[in-house]
Amino acid sequence: MILALPFVATAVRAADLPASAIRLEQISRQHGLSQATVLSIHEDRRGYLWFGTEDGLNRYDGKRFEVYRFDALDPSSLPANTVRAIEEGADGSLWVATEGGGVARWDPATDRFVRYRSAPRSAAPQLASDYVKDLVIDRRGEVWIALRDAGLQRLDPVSGRLTSYVHDADDQRSLSDDRLNALLAGRDGAVWIGTAAGLDRLDPETGTFERFRPVSGPVRALFEDRAGALWVGLYGGGLARRDPRSGEFERFRHDPEDPGSLGDDRVRAILEDDRGTLWVGTERGVELLEPASGRFVRVASSAAGAALGQAPVLALHRDRRGTVWVGTNLAGLGRWDPARPGFAHHRVPPGDPAAGDRPGIVTSFAEDEAGGIFVGTFGAGLARLDRATGELTWFRRDADDPASLSDDHVMALLRDRRGRLWIGTREGGLNRLDPGSRRFQSYAHDPASETGLAAAGIMTLFEDAAGALWIGTFGGGLTRHDPESGAFRTFRHDAGDPDSLGSDRVTCLAEAGNGLLWVGTDGGGLNLFDPATGGAHRFLHRPEDDSTLPSDTVFSLHPDAAGTLWVGTRGAGLARMIGGPEEAGEARFETYTERDGLPNGVIYAIRPDAAGGLWLSTNNGLSRFDPGRATFTNFDASHGLQANEFNFGASYASASGELFFGGINGYNAFHPERFLTLGEKTASQPATAAPASRATAP
C-alpha cells in the first residue's frame, strides 16, 4: 500500500540555518521578570533591554532585572503598571505608553518619570485618554500616541504641544476609527495606524488620512521590512504584505488543510531577523515565513520552556547582537540567540492515523539516486521524503498484496551499489525494492529451510567490498546473500566451537580489510569474522581486565580512516581498539565513559565528520567526540534534538556529508561543520583525565 502526504516539518531556511533548528529559551519570573505577560520590548542605546509587563517596567542587564512600578505616594514613579509600548528619544530618554496612566517619559539622568495624563490630573500637556495602546517616535523626534478609544495624538516634546486626530463620519480623509491598536513611523515620513476598522496612512504634512480596506478588520501589528514592504498583522484576518512599488496587498491566511500555511489568523507581532527571515507572532505561538516559497514553519521552545510553544505572542524584538526576544501572554520571555547551535528537528507523521499508527519512531535511513531520503519507522512502515517538495510517500504492508512491504516495523535499510533498496524488518524478514519500482520482493524466514533467510527478525544490513549483502539477524546468526545467484548462507554460534560467532544476535557490521568482517553481537562481544572459513576470533569483556572490551553487547562500529576501530557498547561507553585485525590476539581497548564527559554509556550509532570527529547517538542526547583532544561536546533536547533518547542503529551519512540520527520523536539532520568551532570552544577536559569535567554546548 502506498500513501502520499505532505511532510509536516519540512525545513525552512533562515539563510543557512533551518527554521526547524531554532529553539526558544524561556526567561520567566523565576529569573527575576516581574510578571509572565510581556507586552513590549525595547533595547536602549546603553545596551539595556526593557520589558513592559502587566506588573511594571523591567530593565535587564543580561543578568538581573530592575523593576519600575507605580507608587501612589511618588508622583515621579511609573504612572501605571501595564506598559504597552517603549520608545527612545534622541536625548536617550524613554517614552512609555501605559494602560490607565497615560504616557511617561523616563529621564536616565534622574531615574524618574515625567507624566503626561488626561485632564484634570496633570499640569503637563493633556492627553485625550489615559489608556494608550501604542507609541512611536518619528524621524523628527515627535511622539505619536495611539489611544484605546480616543484617536491619535501627536506630541512635540520640545514645545509640549499636543495635536489630536479623530474620526469624522463626514470626512473620508479623517481617521477611520478612534479605536487604535498599533502605530508605525514609516521611512518616508508617513505614519501608519492600525485601527479597529482597518489600516490608515497619515501624511503629517497635510494632516489627511488614506484608508486601505484590502486589509479590513482589526489591525494589531505593523512592520516595515528592509526592502520597504509593509507587513500588516490582522486579528482574525491573518497577515498581509504591501508591495512598496505597486501598493498591492498579498494575503497569508491559515488553511487547516495546508501545514505550510500561517498557523493562526490572529497576528499580534511581526519582526524581521538579521537573516531576512520574517517572524510572525500569533495567538498560537511564533512562526517563520520562508520568502521564496511563502510557507510557514512553527518555532519550537526548548524542553525547559515548553510553555512557550503554544503561548500567544504579544511582542517581538531583535537586539543589536541579533538575538530575537519574544514577549508572550503568561509564558514570560522567549529568547533565541543565533550564535547558539540548533538542530533541525523533523517530525515524521503517522503513516495511517486511522490505523492507530504512532508518529515519530525512526529506526533507519537510506538515500536514493535522486537525493530522496528513505526513513524507516517502527510500526508505520517505510517513507520516502522528497527533499525538494517536502512530500512523504509511504509504503505499507497490505495483507491482500503480496508485493507490498512485508512488515511495518522497519529495522534496517541499505541501498546497494546497484541502486536497490534492502529493507530489514522485525518479523517480516527481508524486502527488496528495485529502482523505479513500487513493488517489493520479499524473502521470508522458513524454519524448515537450511538455505534461506536464517531468522524473521533483522537487526542490521551491510554490503561488503565484493558486493555481497550481509544480514545480521536476531537469533539466527549472520547470513550472506549472493546477489548474483540469490543464495543464502548462514553462520551461527556453536556453543561447542570457540571459533564460531559469539552470539546469534548480530547487531552491527563493518569491513575489517583483507576480506574480513567486524561483527558486533548482543551478548557475544566483538567478533573478527572470516567469511572464507566461517571462523571468528572473539573479543570479550573480562571484569578483572580494564584493557578488554568493556561490554559483550556491541551496538555500533566505526573503522576510521587511520584504521582504528571504534566500538559503541550498550551501557559501557565508547571503546577504541588498540591494535588491528593482524594483531587480534594482542589487541586491547581504551574506554571512554560518563566519567570522561560522555553523556551516556549507551552508544547507538557512530558517524564521523570531515574534521575527524565522531558523532555519537545515546540515551542522553548527541555527543561529538574529538579523538585528538579526547574531549566531548554534548547536546540535548534544548538544542533542538528530537529527544534525548535515540534509537539503535538509526543513523546515516548522506552523499553531501549531512548526518541523520533517528529516535523516539522523529529525527535530526544536520551538516556537522556548523558545529566544529563550537566544539573547540566548549570541549571538556581530556578524556584520559578522571574525573573530567563534562562539556555541554552553550
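Tutor: Let's start with a term: a salt bridge is a side-chain nitrogen of Lys or Arg within 4 Å of a carboxyl oxygen of Asp or Glu. Keep in mind that this is a predicted model, where local features need pLDDT of at least 70, side-chain atom pairs count only at pLDDT 80 or more, and totals for chains, interfaces and linings use all residues. Residues are numbered from 1 along each chain as its sequence is written, and side-chain values use heavy atoms, with hydrogens and water left out.

Student: How many salt bridges does the structure hold?

Tutor: The general idea is that side chains of opposite charge can pair when their charged atoms come close. Here there are 42 salt bridges. Take Arg-335 and Glu-25, whose closest N and O atoms are 3.1 Å apart. Arg-335 sits in strand β32 (residues 333-336) and Glu-25 in strand β4 (residues 23-27), so this pair ties together parts 310 residues apart in sequence. Strands (E, at least two residues) and helices (H or I, at least four) are DSSP runs, numbered from the N terminus.

Student: Are Arg-335 and Glu-25 buried, exposed or partly exposed?

Tutor: Buried means under 20% relative accessible area, exposed over 50%, and partly exposed in between (1.4 Å probe, protein chains only). Arg-335 is partly exposed at 21%, and Glu-25 is partly exposed at 32%.

Student: Which residue forms a salt bridge with Arg-140?

Tutor: Glu-205 does, with the closest N and O atoms 3.1 Å apart. Arg-140 is in the loop between β13 (132-137) and β14 (143-147), while Glu-205 is in the loop between β19 (198-203) and β20 (208-212), 65 residues apart. Arg-140 is partly exposed at 46% relative accessibility, whereas Glu-205 is exposed, with 63%.

Student: Where is the salt-bridge partner of Asp-188?

Tutor: That partner is Arg-201, and the closest N and O atoms of the pair are 3.2 Å apart. Arg-201 lies in strand β19, and Asp-188 in the loop between β17 (180-185) and β18 (191-195), 13 residues apart. Salt bridges can also share partners: Asp-138, Arg-140, Glu-142, Arg-154 and Glu-205 are joined that way into one network.

Student: What does Ser-164 touch?

Tutor: Contact means heavy atoms within 4.5 Å. Leaving aside residues up to four places away in sequence, Ser-164 touches Leu-152 and Gln-153. The side chains of Ser-164 and Gln-153 are also joined by a polar contact of 2.9 Å. (A polar contact is a pair of N or O atoms within 3.5 Å; within protein, one must be able to donate a hydrogen and the other to accept it, and residues adjacent in sequence count only if both atoms are side-chain atoms.) Ser-164 belongs to strand β16 (residues 162-165) and is partly exposed at 45%.

Student: Which residues have the most contacts inside the largest nonpolar core?

Tutor: In soluble globular proteins, nonpolar side chains tend to be buried together. A nonpolar core is a set of buried Ala, Val, Leu, Ile, Met, Phe, Trp, Tyr and Cys residues joined through side-chain atoms within 4.5 Å. The largest one here has 30 residues, and those with the most contacts inside it are Leu-24, Trp-231, Leu-239, Ile-270, Leu-278 and Trp-279. Strand β25 gives the most to this core, with four residues. Apart from it lies another core, of 17 residues, including Phe-539 and Met-577.
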